[in-house]
Structure formats: structure tokens, C-alpha cells
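Dear colleague,

My notes on it follow directly after.

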Amino acid sequence: MKLSQFKFRLPEELIALEPPHRVFENEDGSVEKVYRRDECRLMVVHRKSGTVDMFEKDEEGNDTAEYLKFRSIMNYFGEGDAFVFNDTKVFPARLFGTKEKTDAQIEVFLLRELNEELRLWDVLVEPARKIRIGNKLFFDEDGPMVAEVIDNTTSRGRTLRFLYDCPHDEFKRELFELGSAPLPRYIVNKREATPDDMENFQTIFAKNEGAVTAPASGLHFSRELMKRLEIQGVNFAFVTVHCGLGAFDPIEVEDLTKHKMSSEQMKVDAEACRIVNNAKNSGHRICVVGVSTMRATETAVGTDGMLKEFDGWTNRFIFPPYEFGMADAMIANFYHPESTMLMSTAAFGGYDLIMSAYEQAVENGYLFGCYGDAMLILDD
């Protein structure tokens, strides 16, 4: 397929800058926001019948004026079904430092730690033209956190050595205290990250640290919803995919077969395989939550349709046409035009149906992006 086939008009006001929330005014006049993960809208796409549900039904099965909320997802699954989640944990990857001598403010985006002993990190810097090998960056006016640039890796990429002499755990704790939630550029260009974002930009089941962006489709699950699904007999399997920035890289080729995805570290353990394969063998639904999870399961699925243990890296790029090996349901967000996530969603739901659903989403004011609304794709 071609890149241009994934263009559509996305009004700026439909890009969500915050998660679903309610605003309350306290007696003292202060305003408080209460965030509700499972209160975003839900669109349900049925890929075999080619139908789209957006509204709650009345007792006679007719559409009401009320849009479906995400918590309604429990009505589509039952005992024995399995959800597959990505349990990666986001760390506060965005820091701001000052360059020695000039005091220029530099954004440093932590990607991954290269060497614990030497305090080496792979980072992105902005503006990159000001940062050269040998430069030093100061991150805390009154503190000891200093880094030296020791290598150029890409046009914006640098290797930093942090000059901080203390135990590694203490170093990471101090480093992360200086950072903020690594919200996508389309949000931070409109507003600054807040302390609330470090919680909101994290799934409630986050466990294994290593992501620099959230597995956004998992953000909709609240503890209450997870408990209700558990009571219904739905099983949960967890895989780990450390989400990087590769999914946000602009595609610069018209022919999608020529685009190369950046690799992400992933792991599928024996317990996840047991839960998924038992559900599969029993004829129950397997629902993958998010594109990162889908990439992981498609990397680890065998030719027999069963999930296999895996510990390594994946650079799998899923776009139409694609034959899926395991899942028969998927939860996704509404993604930006020409994004790899939109392409993966269209591969699962069918190009024509998904692009039609996106057209309806824009017409009905659904919100896009990591803090936006959700889509459930079913194989019926």
C-alpha cells in the first residue's frame, strides 16, 4: 500500500491534550480535576459484517443518543476470553538542562541506558545544532547532575556520560526526579507536562521499566474495570514491549514496503503463553490491547497459531494486507494520519472499514492521540 492512502483531515481540536476527566470546584474556589480512565468514548468495529457501533442500545436494541463509553467493553467479552496487555513501564524521559558557558536551554530525551557503570545514556537533544562532542550540560542549578557529550549517533542523537559518583540506584532516582512524563510532541507543543501526567501516562499494570512512550491503548483500563472483567472470568496475559519513538518517526517513502521500523525490546514469558494458548485451544477470544502488543504477539506466534516464548527485539511493521496469526480482537486508539499505528489498525480491521470508521470518528468529534478515545475491533 501507499503512504498517501492513509491521509485524512484531522482537525486540531480533536487531538486530546488530557485524559478523560471531570472538573470540580472546591469550597475555597480552587479547581480540581478527577481523571477517569474508562470514560473515554468507545467505537466498536465489526470487521466481518462491516458495521460500526457508536451508541448505547435501549432495551429493544435501538441506538440511543448516548455514546458508548470504554467501560462498556466488558459487554463484549466473557468467561474464558483472554486479554493480552503490554506491561512496560514509562520512565520520566524528558529533561531540560543548560549548556555550559552559554546557558542555552537544551531538551534531553532519554532513550535507554547503555552502561550502568559508566553512566552512559543514548539520548536525543533539541536543538541539536548547539550540542557537540565535549560539551557539558547541567541539569540542576544547585545539584551535582552534570553530563558530558561523548558521541554523536544521529542528527539529533547523542551519547551522554553522566558525571555523578554515587550508587547506581541513587543516580537513577536523582536523574528521574529531574525528568517529566515523555508526552508526545503534539501535546507538549501545546502545554507543559504536569506531575499528574506521570501517573496518567502510565498503565495501572505497568511493571517492567523501559518505555519512553506509553502503550496508549492500555491507558483506558481502570482498576475497577479490570476487577469487573476478572469477575466475569476474563483472563489477563502480560507481555513486555519497551515502546520507543520509532512509531512516531515520519514515513518518508510512498511505498510502505520500503519503510523500516526501529527495533523495540520485547519479552513473552511462559505464563503469558499458557494463558493465551489455553484460551485459544478452548475456542475463546484473544484480544490484544494496542499496536505494540500486536507487534509482539505477531513476532512470537508460531505457524500453529500458538504463542511462543520470546526474549529479544522486534522491528515488525504491520500494514495492509497482512495475515494475522493469533488474535481475533483488538483494542486501539484513534491515531494520526499517515502513522504506523493507523496502518497496523487498518491491517487488522480492513483498510476500507477502518478508514470509513475514522471518517465517522471525525464527524462525531471523537478524540485522537494517546489521551483520546478508543476503538474495539471484533471478528464478527
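A pocket, as the term is used here, is an open set of grid points with protein on both sides within 12 Å along at least five of seven lines. Please bear in mind that this is a predicted model.

The second largest pocket has a volume of about 290 Å³. Its lining comprises 18 residues, and those closest to its centre are Asp87, Asn208, Phe238, Thr240 and Asp269. At least two lining residues come from each of β16 (235-241), β17 (264-268) and α5 (270-281); β16 contributes the most, with five. Sorted by class, the lining holds eight nonpolar, six charged and four polar residues.

Helix α7 (residues 340-349) also deserves a note. Ten of its ten residues are buried, among them Met341, Leu342, Met343 and Phe348. Just after α7, Gly350 adopts a positive phi of about 100°.

As to the protein overall, it contains eight helices and 21 strands. Its radius of gyration is 22 Å, close to the 21 Å given by the globule rule for 380 residues, so the protein is as compact as a globular protein of that length. Buried residues account for 53% of the 380. Of the contacts with a separation of 6 or more, 69% join residues 24 or more positions apart. The accessible surface is about 18,000 Å², and carbon and sulfur atoms make up 45% of that area.

With kind regards

Terms used. Residues numbered from 1 in each chain as written. Predicted model: local features only at pLDDT ≥ 70, side-chain atom pairs only at ≥ 80, totals over all residues. Heavy atoms only, no water. Buried < 20%, exposed > 50% of the residue type's maximum accessible area, 1.4 Å probe, protein only. Helix = DSSP H or I, 4+ residues; strand = E, 2+ residues; numbered from the N terminus. 1 Å grid on protein atoms, 1.4 Å probe; cavity = no way out; pocket = protein on both sides within 12 Å on 5 of 7 lines; lining within 4 Å. Points joined across faces, edges and corners; volume = space filled by probe spheres on them. Nonpolar A, V, L, I, M, F, W, Y, C, P; charged D, E, K, R; others polar. Rg over C-alpha atoms; globule rule 2.2 N^0.38 Å. Contact = heavy atoms within 4.5 Å. Areas by Shrake-Rupley, 256 points an atom, 1.4 Å probe, with all protein chains shown as cover.
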